[in-house]
Amino acid sequence: MDRAPGGGSSTGVGPLDPVDSAVSLLREVDRLMARLLRCIQQAGGVSRDGLPARRLIGLAGDVTGAEAAFLERCVQTLSAMPETWQAFDQGCLSWSQVRTIVMAARDLSVAQRQTLDDQLAAAVGTARDVEPDRIGEITADLAWRIDRKAVDTAAATAPDHPSAVCQPSFDGWGDWYIHADPELNAVLGQAMNAAADRPVAPRHPQAISTTSTPPTTNRPPGPSTTRARRSPRSTGTPGPDGSSSPKACTAR
């Protein structure tokens with residue numbers, strides 16, 4: 001049945017079924033997200049109004065930092081997986097499935113993502129014919145196998161001398177691959193422990209009170225206390241010389 005843009009059918013039979021409406025909107029989300037990722041890729045590091053274009057897009061679009069970082073990750077990952085990205089552009093993959101693929105490939109290097117892209121091509125071609133979760137399961141399995149093979153190869157070809165290699169990312173992050181002898185391992189362990197145990201100053205230090213309440217004790221009052229509690233007037237008993245000796249008053 002032909003559908004009218006406003007939600008009803010073009011023949012005027014009735015309104016669009018809610019299920020059909022939901023599916024149509026989800027397909028539209030897929031198309032819009034595919035275009036969005038391409039726009040972010042094209043914006044690159046171009047600066048405008050004193051801000052990088054990608055940062056400006058996030059601020060102007062009210063995108064949270066976490067979501068903006070994930071969109072950046074999607075662009076970075078799909079840049080190394082052109083076949084997968086093209087499938088997304090063509091509507092063979094949904095935005096939900098693309099997110100799953102990106103998450104499965106997050107720990108892979110650029111070269112490993114290219115390998116994943118080649119191995120995933122056949123599954124992507126049939127993504128619309130199987131359960132939506134199946135593409136994620138296949139991707140996770142392939143990514144694990146690719147990463148496991150790299151670890152095994154690195155262990156088999158590890159040099160006899162200590163080495164450290166960093167694979168930097170465009171966003172400032174980096175993956176380190178270290179083959180350490182006992183001496184280097186001890187040095188790295190101490191450095192990481194020192195960094196983890198580094199003291200951090202409190203953000204809002206509380207003022208220390210200069211007044212204190214003296215502790216309550218059961219000791220009898222001292223002389224000064226006794227004097228303070230005496231009455232200003234006292235009675236006396238005449239002494240041998242006619243003077244009166246002071247007599248303590250009972251405190252009232």
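Predicted model: local features only at pLDDT ≥ 70, side-chain atom pairs only at ≥ 80, totals over all residues.
Residues are numbered from 1 along each chain as its sequence is written, and side-chain values use heavy atoms, with hydrogens and water left out.

**Isoleucine 101**
- Isoleucine 101 counts as buried, at 0% relative accessibility (buried means under 20% relative accessible area, exposed over 50%, partly exposed in between, with a 1.4 Å probe and protein chains only).
- Leaving aside neighbours within four places in sequence, isoleucine 101 is in contact with Met81, Thr84, Leu93, Leu120, Ile135 and Thr139 (contact means heavy atoms within 4.5 Å).
- Isoleucine 101 and leucine 120 are 19 residues apart in sequence, and their C-alpha atoms are 9.8 Å apart in space.

**Serine 94**
- Serine 94 is found in the loop between helix 4 (82–89) and helix 5 (95–104) (helices are DSSP runs of H or I with at least four residues, numbered from the N terminus).
- With a relative accessible area of 12%, serine 94 is buried.
- Not counting residues up to four places away in sequence, serine 94 touches Asp30, Phe88 and Arg128.

**Helix 4 with helix 6**
- Helix 4 and helix 6 (residues 110–125) pack at an angle of about 30°, and their axes are 8 Å apart (axes are lines fitted to C-alpha atoms, for helices over the stretch in contact, and angles run from 0 to 180 degrees between N-to-C directions).
- These two helices, helix 4 and helix 6, are therefore roughly parallel to each other (angles under 35 degrees count as roughly parallel, over 145 as roughly antiparallel, 65 to 115 as roughly perpendicular and the rest as oblique).
- On the helix 4 side, Pro82, Glu83, Thr84 and Ala87 meet Asp117, Leu120 and Val124 of helix 6.

**Helix 6 itself**
- Helix 6 bends by about 40° at glutamine 119 (the bend at a residue is the angle between axes fitted to the seven residues ending there and the seven starting there).
- Among the buried residues of helix 6 are Leu116, Asp117, Leu120 and Val124.

**Helix 3 with helix 4**
- The axes of helix 3 (residues 65–79) and helix 4 cross at roughly 120° and come within 7 Å.
- That angle makes helix 3 oblique to helix 4.
- Val75, Leu78 and Ser79 in helix 3 meet Pro82, Thr84 and Trp85 in helix 4.
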